[in-house]
Amino acid sequence: RSHMTDLNTALQDIYASVIRRFHVDLSNKKVEFDLECTDYGTTTTHKLTFTGCTSCLWVEKRNDDSTFDFQACDYYELTSVLVRTTTATSTDHWLRQYPLEYNIAVEICESALLLHAQEVHIDEFHFPIPESDKVIG
């Protein structure tokens with residue numbers, strides 16, 4: 001495997017991986033994925049970890065007023081990981097007191113996990129999230 005020089009290259013190497021384990025560790029502000037990637041008949045395993053997580057939001061796509069059945073999948077695929085600023089909005093008075101801003105979007109099949117994280121770790125490589133993609137506030 002070649003040496004990864006930047007986060008986008010590193011993320012491209014794990015697209016379409018099968019998720020073998022997915023763990024949200026709230027007390028340590030960490031989200032972890034154990035991944036398995038098969039590329040041209042060769043299977044490799046990878047660990048994807050987001051650290052310094054201060055918020056997360058799980059959303060599932062809706063079709064015709066019914067939610068996508070996440071539990072019905074035979075396996076879960078890491079569809080994409082995007083480093084981008086995303087803001088959710090709410091008119092709910094209670095919810096509005098919390099930050100609804102995220103800088104990572106992890107797409108898993110027909111669902112997404114939005115995170116606000118400080119760093120991305122892929123195997124032994126560590127990538128701080130660029131300042132332009134960090135949420136201020």
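Reply: A strand, written E, is a DSSP run of at least two residues, and strands are numbered from the N terminus. With that term in hand, one may turn to Val24, which lies in strand E1. The model discussed here is a predicted one.

Strand E1 spans residues 17-25 and runs antiparallel to strand E7 (residues 76-87), to which three bridges join it. One of the residues involved is Ser17, whose bridge partner in E7 is Leu78. E1 also pairs with strand E2 (residues 30-39), again in the antiparallel sense, over seven bridges. E1 and E2 form a hairpin with four residues between them. In the turn of this hairpin, Lys29 has a positive phi of about 55 degrees.

The second matter is the set of contacts. Leaving aside neighbours within four places in sequence, Val24 is in contact with Lys30 and Val31.

Is Val24 buried, partly exposed or exposed? Val24 has a relative accessible area of 34%, and it is therefore partly exposed, because that class lies between the limits of 20% and 50%. Thr49, by contrast, counts as buried because its relative accessibility is 8%, which is under the 20% limit.

Val24 also belongs to a nonpolar patch on the surface, together with Phe22, Leu26 and Trp58. These residues have about 370 Å² of accessible area together. Trp58 is found in strand E4 (residues 55-60). With a relative accessible area of 32%, Trp58 is partly exposed.

Val24 and Cys56 are 32 residues apart in sequence, while their C-alpha atoms are 9.4 Å apart. As for the cysteines, a search of the whole structure finds zero disulfides. Cys53 is accordingly in no disulfide, and the nearest cysteine sulfur, that of Cys56, is 7.4 Å away. Cys53 is buried, with a relative accessible area of 11%, and Cys37 counts as buried at 10%.

How values were computed
Residues numbered from 1 in each chain as written. Predicted model: local features only at pLDDT ≥ 70, side-chain atom pairs only at ≥ 80, totals over all residues. Heavy atoms only, no water. Buried < 20%, exposed > 50% of the residue type's maximum accessible area, 1.4 Å probe, protein only. Pairing = 2+ DSSP bridges. Patch = residues over 30% accessible without salt bridge, like charges linked within 9 Å, V, L, I, M, F, W, Y side chains within 5 Å. Areas by Shrake-Rupley, 256 points an atom, 1.4 Å probe, with all protein chains shown as cover. Salt bridge = Lys/Arg side-chain N within 4 Å of Asp/Glu carboxyl O. Disulfide = S-S within 2.5 Å. Contact = heavy atoms within 4.5 Å.
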